[in-house]
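Please open the structure in the viewer and keep the selection panel at hand.

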Amino acid sequence: MTYRPIFRHPIAAAVLLVPTLAVLTAFLYFPAIQSVVLSTYRSNLLLGTRAFVGLENFRAIFFGPQAPAFWQASIQTILFALLVTGPGVAVSMVLATLAARPITGGRFYRIMLIWPFALSPAIAGTIFLFMFNPEVGVVNQVLSALFGIKPRWLDDPALAFVVAVSAAIWKNLGYNIVFYLAALQNVPPSLSEAAEIDGAGGIARFFRITVPMLSPTTFFLVFTNLAYSFFNVFGLIDILTAGGPVGGGIANRTGVTTTLIVKVFRDGFGGSSNMGLAAAQGVVLMTIAVLVTVGQFRLGGRSVHYEGA
Amino acid sequence: MYKPRTLVTAVLILAALAPLAVSASGQAETTTDGPTEIQFWHAFSDAPRSGWIEDRAAEWNAANPDFRVVVERKGSYRETLQAAVLAARQGDAPHLVQLFEVGSQLAVDSGIFKPVGEVGGIPADDYIEPVLNYYTIDDQIYSIPFNSSSPILYYNRDKMAQAGLDPDSPPETFSEVIAMLEQARDAGVDGARIGFNLHSWFFEQWMAEQNAPLVNNSNGRAARATEVNLTSDAAYTIVNWIDELNRRGLYTYTGRLEDWSGSDAIFQQGEAMFHITSTADLGNISSAVEGSFELGTGLLPIPDGVERNGVVIGGASVWLLDGHPTRELEAARDFVLFMTNTENMVSWHKLTGYYPVRNSSVDALEAEGWFDEDPNAYTAFDQLLNTVPNPASAGALMGSFLDTRTIIEEAIQKVLQGTDVQAAMEEAKVLADDRLREYNANL
């Protein structure tokens, strides 16, 4: 196949790229570079101070008295991202496959599965906060009626972490399902029919046909879900657990749901507004995100099956 | 030829550049005709309190046709301070901002405020001394006291009686709290516990009651504070008591930090015999428990064997922002003095339970027999008026006060989860000192 350019003149392509580049520069590249610059300054938001301190902020987060809390938050961030992304994408794929089947009311199911994505993080957080309130929440009302138990969902460290992960997964389900539903339209039914004639059961067809055929979408969704769980969960966590509760044992240096994005906000805009320290942690968060993404492209990229490639 | 794409491109580029354009032209313009506007930002989210402020503004505006006070709510105290700082940097500052007491050092250091002492001052003789002491920094009265409160003991008189205790003698010391709760538990009283929310404010109050400054350099008032006294004997006395309460099963809270309403609910539902919270909640709690049990109030219980040194006032005051014409600042000051005058502070106190910050208001309330009608309201005054004026009761000044609060609360939460008191407090001191050092390095 010979390469046929869509645009005859490269200038036309460049012109069309300008809007995207302008938006990316204004809202992504420029702030990212500013964060890196800010991380080398001692800067306080409320005092308006700014003095160059080199790597002092990084020394503080890696080796200073605040280091244990920072390490704990970093590990929690990675754990949180993996738990939100893995089960989140898997559940979405199963639900999308079920909802894509030609069944009565299929359209209704599909809409109901997608709508959580339309909620703002604050509303999603509030919904979970009410549901998991230990005294008056619907979850504990059901549990106490059935089993006579009332778990302390929001102040038991392990349970609070699970609730925060579940809320983050639920919030993003709709996004994942939309993409899977679209991808499922492109899976030729002939493949499934052929397998069925050969005697493959529903589960075998799911793992042997649906999962591989959806792998490009899965690859994309793993990436977007990782980005979501690193950067976009502040509102949800802030409302739901406010970053708490402080854990026990080795996890007692900060709240167990304090992921790095929560800590960055707390240090920069809360407390005494240490913007330099917050920026340094933001740079580390960006680095973690880049490393995880590179790892994903290295490892996951190979197992993606592109139709016709 | 007309190309829609070009238009879309142009719009997108403009959209991307818009923030730059706005910040370039963001200078506020002053209106030349009509009354001069005086902007007042406050932090009350509830209708009764914000409505009360708006009513006072309307009254003052009617009497002062040259000016118009515009009242605006800007979120929490913290958000109000941030908004004020950012507005001031952009040359668009309000004239008046209501700020919480722990933000005082931050506010002074931010350099955007003008001490009220430089704008005609306030009638200092008429302000309750401990209140005035808090807002006097470097011998200068910085802000105008407005809503002030302190913590008191709330107790369930029915449970006291049921336990065979005298409902007229609430506990006054830490050991009496434990003894009475154990007696109540042995008598089979439900909720034989004390429930105050996990808040650093109470820790700060118990430090003051022991005449122990929270930070060095006379609580940051003789010179800038450099150390937080979290491993002093006074500090250990407080946390050891909370630890002992918890170990004996006599303490309860919701599990969340700073959960004021959660702990109020525990007390109101009869799940705790004793409760500690702000005087400003007296109105709300009294009406919530009406019909379910009889409410009593007492002085804040203090550590055994110490002379009661008094409480640190909490709450907020009103600050004047620099960078406005003197004429406008004087008008702004006049408005706040009107809002906090004798009669207005009487009505503010009756509405909310906050202290009327003026001596003349206290006299007026006494003269009309208000305290005979409501002895619970008097508890708070008793405690405040008997406060010994010294650095410990004037309250701590430190730029990293908000960080320190979180650190203290997390340390106590760890103790409740079984961490050794000394280990938790030593770690807290290292963290709090580090944040304070980092803050001071800005200056």
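**The interface of chains A and B**

Select the contact (heavy atoms within 4.5 Å): 37 residues come from chain A and 37 residues from chain B. The model is predicted, with local features requiring pLDDT of at least 70 and side-chain atom pairs pLDDT 80 or more, while totals for chains, interfaces and linings use all residues. Residues are numbered from 1 along each chain as its sequence is written, chains are lettered from A in the order in which they are written, and side-chain values use heavy atoms, without hydrogens and water.

The buried area (accessible area, 1.4 Å probe, lost by the two parts on being put together, summed over both) is about 3100 Å², and carbon and sulfur atoms give 52% of this area. Next, select A:R42, A:L46 and A:L47, which supply 22% of the area that chain A buries against chain B, more than any other three residues.

Stay with A:R42, whose side chain forms a salt bridge with that of B:E438 (3.0 Å, N to O); the term denotes a side-chain nitrogen of Lys or Arg within 4 Å of a carboxyl oxygen of Asp or Glu. Between chain A and chain B there are 3 salt bridges.

**Aromatic rings in chain B**

Rings of Phe, Tyr and Trp (its six-membered ring) pair if their centres lie within 6.5 Å; planes under 30 degrees apart are stacked, over 60 edge-to-face, and the rest tilted. Select B:W52 and B:W348: their ring centres are 4.8 Å apart and their planes at 45°, so the pair is tilted.

Finally, display the cluster linked by ring pairs, which includes B:F174, B:W241 and B:W260.
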